[in-house]
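Hello,

Here is the structure for you to look over. My notes follow below it.

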Amino acid sequence: MSRNLVVAGHGMVAQRFLEAFADRGPDGWTVTVLAEEDRPAYDRVRLSAWFDSYDAADLDLGGAPAGVELRLGQPVTAIDRDRRVVSTPAGETPYDVLVLATGSRAFVPPISGSDLPGVFVYRTIEDLEQLKEWSTANGRRVGAVLGGGLLGLEAANALRLLGLETHVVEFAPRLMPLQVDEGGGAVLKRHIEGLGVTVHTARGCAGLEGGPDGVTRMRFNDGGELAVDVVVVAAGIRPRDELAEAAGLAKGPRGGFLVDDACATADPAIWAIGECASLSVAGGDGVCYGLVAPGYAMAEVVADRLTGGESKMALPDTSTKLKLLGVDVASFGAPFAPGLDVVVTDQVTGVYAKLLLTDDAKTLLGGILVGDASAYPTLRASLGGPLPAAPLAMLAPAGEGGAKMDLPGTAQVCSCHAVTKDHVTDAIAGGCADVAGLKTCTKAGTGCGSCIPLLKQLLAAGGVAQSKALCEHFTYSRQELFDIIRVRRVTSFSELVSEYGSGRGCDICKPAIASILATTNPGYILDGEQAALQDTNDHFLANIQRDGTYSVVPRIPGGEITPEKLIVIGEVARDFGLYTKITGGQRIDLFGARVEQLPVIWQRLVDAGFESGHAYGKALRTVKSCVGETWCRYGVQDSVGLAIDLELRYRGLRAPHKLKSAVSGCARECAEARSKDFGIIATENGWNLYVAGNGGFRPRHADLFLTDLSTQDLVRYIDRFLMYYIRTADRLQRTSAWLEAMDGGLDHLRDVIVDDSLGLCAELDAQMAQHVTAYADEWRATLDDPDRLARFVSFVNAPDTPDPDIKFEVERGQNVPTRQGPVPVTIGGAR
Amino acid sequence: MTITTSTAYWTTVCAYDRLLPERGVAALVDGVQVAIFRTYDGDLYALGNRDPIGGAQVMSRGIVGDRGGVPTVASPLHKQVYDLRTGECLDLPGVLVPTYPVRCEGGLVEVLVDRL
Ligand SMILES: Cc1cc2nc3c(=O)[nH]c(=O)nc-3n(C[C@H](O)[C@H](O)[C@H](O)COP(=O)(O)OP(=O)(O)OC[C@H]3O[C@@H](n4cnc5c(N)ncnc54)[C@H](O)[C@@H]3O)c2cc1C
Ligand code: SF4
Ligand code: FES
């Protein structure tokens with residue numbers, strides 16, 4: 001007989017529990033989830049990322065595992081423990097085992113006016129939707145956040161992004177009073193004020209005033225006042241334990257379902273996990289944990305217990321590392337315990353660090369980092385043990401000092417998944433050769449991600465030479481080769497391979513070097529020795545197809561084309577019997593051209609004003625556009641005009657991989673700009689720039705990079721983004737993978753491109769200017785030169801004879817290759 | 001390889017200068033498609049032009065290089081690498097393209113194709 005497992009709540013912890021339970025593959029259970037919210041579990045930790053896209057799908061956690069019945073919008077309203085049934089508005093559901101995972105609610109302190117329109121909390125996607133709608137309405141100018149903790153600062157950033165003048169009000173004398181001490185709080189405050197946020201510390205809110213049209217004023221306990229249009233209350237959270245009393249379940253001292261270290265309540269059929277649980281370990285008082293990692297640990301414990309295991313909760317690690325308004329903040333261990341402390345404050349760079357050691361200075365108890373948290377993974381893993389290096393050396397900015405840090409094997413490297421250094425080194429010994437491999441076999445790095453730098457160090461230390469070598473001919477990475485070529489002014493492959501490599505190259509290094517040379521020495525790419533470096537697509541300026549014919553793709557900037565030009569394409573296709581298809585990039589692909597036909601076809605296209613579309617190259621492909629403000633009644637900017645300008649600016653730009661772009665005329669995003677390497681979406685005030693999106697095999701939404709840019713600034717930042725990518729990416733690494741692998745990610749990119757932290761911008765700008773000036777249409781240059789045309793023959797000894805093995809049949813009125821011989825296993829080649 | 005003298009003789013294909021170092025050309029020799037390559041040091045190699053995996057006549061358009069010192073060409077369709085001396089595929093053991101004798105005589109490239 002099957003047993004009924006009922007889960008109350010479908011939040012992050014419930015989702016983790018369901019996955020952990022399903023992973024153990026238990027038989028004989030019927031699993032039902034009763035959820036209050038109308039959407040399946042989403043990533044609440046990343047809730048603020050909703051403001052990047054206004055798309056809830058970005059936070060999706062993948063839905064309940066197969067076989068689980070998920071009933072949305074069905075909150076549990078009562079538990080009848082005698083009959084073992086729970087009630088929802090729809091009726092009763094029997095259980096044999098009940099897991100409570102109801103999370104927390106935002107705590108709203110009892111102040112007058114907290115129920116006025118325009119006062120919000122910050123907990124669910126709906127909260128954010130309402131906050132946005134209210135804040136972006138006409139005339140709303142000033143926003144205040146009650147609470148200067150983690151949540152409050154996230155909410156403050158949201159108000160900034162919504163374009164409001166932003167205030168943070170904190171009762172305690174410093175920001176983030178739970179995580180940082182006075183020194184850290186002061187540094188944090190300076191950072192945040194630097195972003196234009198007004199911080200009121202040691203100041204309480206005495207009441208809110210306003211009327212049916214919304215809140216208008218905040219009164220402080222010191223008599224002061226502030227005119228406000230929006231208020232977000234982020235004054236803490238309270239466990240959702242309202243089911244406890246009526247059901248006769250015990251609560252912890254500060255609320256929450258009281259559970260022991262197995263997460264069991266006093267009723268053997270009922271368990272509680274996540275923020276709603278008040279966990280009592282080793283007979284201690286019950287404590288509710290407002291972080292996801294302890295909740296995940298509880299989910300694993302209960303999944304294990306229900307399938308016959310014996311696991312128990314240890315005291316959860318409440319270490320946190322966050323980026324709040326672009327400032328790194330980390331707190332780990334017990335930073336407020338008595339002991340010896342080592343404090344570093346650097347007013348100039350805005351860095352504060354404190355380590356707390358036992359009195360004999362041998363054991364690390366905890367610490368706080370503000371402004372630079374790069375030492376966090378190593379420090380956290382050293383908690384409770386000796387420091388791997390002298391305290392000051394460990395706090396020195398990354399790269400300096402270079403202290404060698406040896407962690408003990410039992411040190412926890414990944415606290416989200418309780419993975420120790422030994423687990424990781426075993427996995428490396430067992431063949432894991434990169435971070436992706438470690439993620440799959442140990443789960444380390446798949447939670448908050450903050451341990452990834454440490455995983456990389458362990459890989460390096462484990463002798464997995466994280467080989468950056470391009471191929472057997474070069475021990476250098478693509479980026480290193482780029483620098484060598486640029487600094488040493490290398491102009492040919494032969495020079496490079498004889499001085500910095502070995503052998504004669506291969507199909508990996510040759511096209512990669514050809515691409516670098518195209519950037520450093522722009523111009524025609526097919527002359528002299530460079531001709532031998534290109535793969536067949538670049539060599540014939542066309543895309544090879546499965547039957548050895550090529551496709552022809554003229555450039556149609558922005559997807560805009562006159563009827564006359566459209567007719568020329570049609571005539572060429574008809575006259576040469578080319579299969580014709582409209583591409584996803586808003587242009588037209590003509591298939592089935594033999595090598596010796598390419599020059600004749602292109603002569604006609606060039607005569608009609610077309611130029612190469614570089615569909616064959618690792619280069620800019622297209623800049624798609626929607627019709628924009630010119631025609632569309634929603635459009636706010638001229639998206640077609642911008643797309644054409646951008647496509648003409650970057651045409652012919654060779655890169656580590658293909659580059660795609662799009663421009664949408666308003667937030668409705670009809671051009672799908674967020675799936676592109678660089679995407680632009682028009683706003684009332686200018687342009688929002690998104691970077692590192694990708695369609696294809698591993699889709700990724702582009703990240704919002706900069707907002708409300710003028711056209712001039714937009715172009716400048718795209719110039720730099722592209723050139724920095726071209727310089728530093730690996731071979732065949734799309735911008736998405738490049739950004740994901742970048743230390744510091746989007747913030748680092750912004751530092752380099754906007755704040756010029758590496759002093760590179762002038763060079764990047766100059767390089768792009770050089771590209772723009774040197775651009776010439778490759779097809780025209782080829783047609784103008786008989787020597788260059790000589791290669792376009794099927795047979796060197798019979799120039800006019802077509803390849804007799806190329807045969808077509810007719811499908812839906814067009815020529816397609818006759819399938820003959822073995823059919824290829826995969827469909828490769830550039831697209 | 002066995003060459004039966006009665007059915008094979010040298011065919012002139014093109015001037016040696018017509019070949020770019022480390023690039024190939026295709027030639028049609030009595031109905032047989034041959035890919036001819038000139039390596040960096042000036043040596044000549046000839047293979048069948050048909051890619052045995054993809055089936056198209058494209059081997060002459062691959063990138064020429066070396067692997068561990070062995071002169072190679074990579075198929076332009078799916079990038080498998082072949083030994084220019086023996087025609088063996090270095091990535092998929094057992095896959096083979098035919099090889100043909102090739103030489104330079106008086107500035108002209110000649111291949112020997114076994115006609116049936
Ligand atoms: C803006 C923000 C930022 C955060 N940042 C971080 C961070 O950086 N690091 C970190 O560790 N944590 C962070 N957190 C906290 C983290 O999100 C929570 O610890 C985590 O979501 C807790 O998961 P849970 O499943 O216990 O609760 P929840 O995710 O809240 O899920 C509980 C679910 O149960 C539902 N529910 C409640 N009562 C009932 C009922 N009676 N019947 C049915 N369903 C019910 C609720 O509607 C909810 O959907 C953040 C939280 C927020 C709001
Ligand atoms: S993105 Fe906006 S402007 Fe462009 S077509 Fe769609 S609705 Fe119109
Ligand atoms: S510490 Fe969070 S993923 Fe490893």
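By class, which residues make up the shell around ligand 2? It has five nonpolar, four polar and two charged residues; Ala, Val, Leu, Ile, Met, Phe, Trp, Tyr, Cys and Pro count as nonpolar, Asp, Glu, Lys and Arg as charged, and the others, Gly among them, as polar. Among the residues around ligand 2 are Cys626(A), Cys632(A), Cys666(A), Cys670(A), Arg668(A) and Glu669(A), a residue being included if one of its heavy atoms lies within 4 Å.

This is a predicted model, with local features needing pLDDT of at least 70 and side-chain atom pairs pLDDT 80 or more, while totals for chains, interfaces and linings use all residues. Residues are numbered from 1 along each chain as written, chains are lettered from A and ligands numbered from 1 in the order written, and side-chain values use heavy atoms, without hydrogens and water.

Just after H19(A), Gly652(A) has a positive phi of about 80°.

Chains A and B bury about 2,900 Å² between them (accessible area, 1.4 Å probe, lost on being put together, summed over both). On the chain A side, Arg504(A), Asp507(A) and Val796(A) lose the most area to chain B. The interface has two salt bridges (a side-chain nitrogen of Lys or Arg within 4 Å of a carboxyl oxygen of Asp or Glu). Glu22(B) forms one with Lys510(A), with the closest N and O atoms 3.2 Å apart.

Regards

Note on methods
Helix = DSSP H or I, 4+ residues; strand = E, 2+ residues; numbered from the N terminus. Buried area = accessible area lost by both parts, 1.4 Å probe.
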